Amino acid sequence: MSSLQFDIAHLLAGSLVLASFMMLYQDRLYALLNVYALHAGVLALSVAWQAYVQHAPHLYVTALIALVFKAIIIPVALHRIIRRLGIHREIENVIGVGLTMMAGIGLVALAMVVMLRVTSGADALAREDLAFALSVVLLGLLIMVTRRNAVSQVVGFMSLENGLVLAATGAKGMPLVVEISVAFSVLIAFIVIGIFLFRIRERFDSVDVQALDRFRGERR
Amino acid sequence: MIAVALWSVAVLLALALAGVVLSTRPRGSVILYGGCLLTTSTLCVTALAHLLYFPQMTPSATLPIGLPWLGAHFRLDALSAFFLVVVNLGGAAASLFAVGYGSHEESPGRVLPFYPAYLAGMNTVVLANDAFSFLVAWEFMSLTSWALVVSHHREAENVRAGYVYLLMASFGTLTLLLAFGLLASGAGYDFDAIRASHPSAALAGTVMILALLGAGSKAGLVPLHAWLPLAHPAAPSHVSGLMSGVMTKVAVYGFVRIVFDLLPEPVWWWSVVVLLVGGPTATLGVLYALMQRDIKRLLAYSTIENIGIIFTGLGLALAFKAQGLDWVAALALTAALLHVFNHALFKSLLFFGAGAVLEVTGERDMEKLGGLIHRMPKTAFVMLVGCVAISALPPFNGFVSEWLTFQAILLSPQLPNWGLKLIVPAVGGLLALAAAFAAACFVKLYGISFLGRPRSDVAASAHETDRFSLVAMFALAALCLVAGILPGLFIDALAPVSKAMVGNVMPHQTGLDWMTIVPIAESRSSYNGLLVLLFVALSGMAAASAIHRLASDRLRRAPAWDCGYPDPNPAIQYSASSFSQPIRRVFGSVIFAAREIGEMPPPLSPAPARLAVDMRDLIWDVLYAPIAKVVGVVTERINMLQFLTIRSYLTLVFAALIVLLLVVAL
C-alpha cells in the first residue's frame, strides 16, 4: 500500500474519532443528530476508501448502506420523532463539557495503548484502524453513560455501532452477509427503541429515563 | 462399552427434555420412569459386564464439548464400572418403584424433567476423565437434585432445606474446584496427565484435605452433615432413596478417585484425618437417628452413620497402604466398597418402604403410625429385611461388609506407626458402638411404625401399596439376601478395583467349600452366610414347632401392648420418644444439650402435666449459624445492586470494560 493511501485511510478514521468527540458535547438534540449524520457520512467515506484500497467491491455496498441508512434515513426519522415528541427544545445538562472531554481523551489513549500492544503482529493499517475503531466504540459508550435522554442514548449506541463497522472493514475479507445483518440489526434496534420511546412517552409524558427510575420508586 | 454408557447418558438427557412434555400427560410418568428403568438397566448390565469380564481394559472417549482446548474426556475403568453398577442399580430400582409411586405425584412437572437429568448427572460424574467434565457433572448433579428437593415447594421447611442444600453443595464444589486447581497446576485438567504428574507432599496433602471437605460435604460427614437430614427427606421418596443410597456414593467415588487414584502414594497422617472424621461420623449419625420421630429423617441420619463406616474403611485402607501393608489395605478398601454397594441396596429399600407408608397414610411421623404389619404385610416384610440388613445382622449383606471392616481393624497391631496403632482400635470401638445403636434405631423404626396398634386413624385405615413399588422393594430385599449369603462373588468382583487402587487384592473367595469367605487366612477367621442362614432357619423352625407342640395351640387375638389394662388407649404404647429415652439420657445431655422440661400443674388443678424435651444440634449452633449470618449480611449488601438506575448499570458495564482494558494495557 502506498503511503498516500495509508494516510488517507488514517485521516478518515481519525475524522470519525473527531466526530465522536463532537457528539460528546452537543447538548441540543438536533445538533446531536446532525453530528451523528456527519459521523455516519465519514464512516461511509472511510468504508468506500477501504473498498478502493483493498479492491473489495462488496465494501462499496457497505458504504452505500452506511450512507443511506445511517447518514440519511435514521437521522431524518429521529428528527421526526423528536418533533412529534416535542422535545426539540430540550437541553440536556451533560456532565461538565471539560470533564467529558478529558474522559474521552483518556479513553482514546487507552484504546491506543491496548490495541497497539495486542495487535503487534498485524499490518500497520489494520492496527491504526482497530485502535481508532475501539476509540469510537468507547466514546459511544461514554455518550450513552453521560446522557439521560433516551433519544441521545440511542444515538450514542448507533455511533458505537459505527465503530464496530469501522473495525470490521479494516480487517480484510469480511463477507457482505455479516455487514448486511449488522445493518439490519441496527435498523431493528432503531425500530424497537423508537416504539419504546413512544410507549415510554405515552406512559410518563417524558423520554427522560429518570422518569422510569421514579416510577420504580427508587432513590438515585 | 464406553459408547453404550455415553449413549445411555444421552438418552437420559433426552428423557429429561421429554419429561417436560410428558408431565402434562396422564400416563406420562409411567412412560418416563419406564424409559429411565430401561436405560439404567442397560447401563447397569454394561458396567457389570465390564467389571466382571474386561476389568483390565480402560476404554476412553473424547467428545468435542466443554473447554475448547480440552474437550470432554470420559473413561471406563474398574472403579467407574463398579460405581456405575451401584448408581444404575439404585437408579433402576428407583425408576421401577416410581412407575407405581410416581403416579401419585401432585406436581409431576416439578419432578419428571429433573429425575432423568439427575441420573444422567450422577453417571457422568463417574465416567468423567478430566477435572472440567467432572466438576460440571458434579454441579449438574447437585443442581438437579436441588430442584427435586424443592419440588414440593409449598412447605416452608422444604424451601429452607433447599436453601441450606444449595449453599453446602456450592461449598463442596468450591473445595473440589480448589483441589483440582492445585492438582492441575503442574499437569493440566486431564486425569491421565494428573496421574502422570508428581505433586509435592505438601500439595498432595492439601488436595487430600480439600477432597475430603468437598466429597465429605456431599456425602454427609460430620460436621458437614447438617444439610443432609433436611434435604434428603424433603424430596419425593424415590428421589430420597437415590440421594441417600446413591448420590452419597458418588461423593465417595469422588474421594476415592482423587485420593487413591490421582494422588501419589499416601502419607500416614492422611489416614488419621480420615479415621478421625469417619469414626465419630458413624457414632454421631446414628445417635442423631435414634432421636428422630420422622421416618425419612431417621433414615437420612442413618445414611450419615453408614457414610462414617465407609470412610472409616477408606481411612484404614490409606493407613495400611501408607505403612506398606498392601494386602490389608485391599481388605479395608474392599470392605468399604462392599459397604457402598450394600448400603445402596438397603437404604434405597428402606426409603421406598417409607415412601409407601407415606403414600398410603400421608404420615412420616412414627408417633402417628403403628400396626402397619396387618394393613401392609408385604411392605412390612421387606422393611423387616431392610432393617435387619442395615442393623448388620447375619445372614444379610450389611453384616458382611461391617465384619470385613472389623477384620481390617483387628489387624491394626501390625501397623508399625504407634499413633495409628492407638487410633485404629479407638475408631473400632466407635464403630462397634455405632453398630449397636443402629440395631436399636431400627428396632425402634420397625417396632413403632409396623408393630403395636395404630396411633391414628390414617394408620388404622392404611392399605397395601401398588404392584410396581412392591416388585422394586422385593427385588432389593432379594439382592440383600443374595449379597449376604454369597459375599464371595461380590468380593471377587471387587478385586480389579482394589488392584487398581491399592495395588493388591484380597484372597480369591469363590471355590472355597460351602461358599465360605476367608478375608485373611483360614486360621484367623471365616464367615459362611449360607450356614448362618440354614442355622437361623432351622433354629427358627425348631423353636416355632416346639412352641406349637408344647404350648396351647388355640389361636387367641388380643390387643397388642395393652400393659394389662382392660380398655387400652393406643397412647399408652411405647412411643418413639420413650423408646429412645434411656439412650438420650445417657448421651443426649452432652451431645445434643438435651433438657427435659417437666411442667406440673399446682395441686388440685385439673390441668394436664407436660413433659417436653428440648434438643439442639450443637454443630449447627457453633458452625452453621455464624456462617449463615455472615452470608446473610453480605448478600443483603450485594442485593442493593439489583435496584440501580439504568444509567448506573450502563456506567457499571462501562467501568468494567475500562478496567479490563486497563488490565490488558498495563
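Two residues are taken to be in contact if their C-beta atoms, placed from the backbone, lie within 7 Å. Please bear in mind throughout that this is a predicted model.

Begin by selecting chain A and colouring by secondary structure: chain A has eight helices and zero strands, and its elements, followed from the N terminus, run α-α-α-α-α-α-α-α. Chain A comprises 220 residues, of which 39% count as buried. If you display the contacts within chain A between residues at least 6 apart in sequence, 70% of them join residues at least 24 apart.

Next, show both chains together and select the residues where they touch, a contact to which chain A gives 14 residues and chain B gives eleven. On the side of chain B that touches chain A, sorting by class gives eight nonpolar, two polar and one charged residues.

**Helix α8 of chain B**

Now select residues 201-219 of chain B, which form helix α8. This helix has 19 residues and reaches 26 Å from its first C-alpha to its last, close to the 27 Å expected at 1.5 Å a residue. Just after α8(B), select B:G220, which takes a positive phi of about 100°.

Within the helix, pick out B:S217. Is B:S217 buried or exposed? B:S217 has 26 other C-beta atoms within 10 Å and is therefore buried, the cut-off for that class being 20 or more. Leaving aside residues up to four places away in sequence, B:S217 touches B:M168, B:F171, B:G172 and B:L224.

**The domains and a strand pair of chain B**

Move on along chain B to residues 586-614, assigned as domain 1, and then to residues 622-665, assigned as domain 2. With both selected, a line drawn between the C-alpha centres of domain 1 and domain 2 of chain B would span 49 Å.

Finally, select strand β3 (residues 595-599) of chain B together with β4(B); the two strands run antiparallel and are joined by five bridges. Across this pair, B:G598 stands opposite B:L611 in β4(B). Strand β4 covers residues 610-614 of chain B, and because the number buried among its five residues is zero, β4(B) lies largely in the open.

Terms used. Residues numbered from 1 in each chain as written. Chains lettered and ligands numbered in written order. Predicted model: local features only at pLDDT ≥ 70, side-chain atom pairs only at ≥ 80, totals over all residues. Nonpolar A, V, L, I, M, F, W, Y, C, P; charged D, E, K, R; others polar. Helix = DSSP H or I, 4+ residues; strand = E, 2+ residues; numbered from the N terminus. Buried ≥ 20, exposed ≤ 12 C-beta atoms within 10 Å, placed from the backbone. Domains from an automatic or database assignment. Expected span 1.5 Å × (residues − 1). Pairing = 2+ DSSP bridges.
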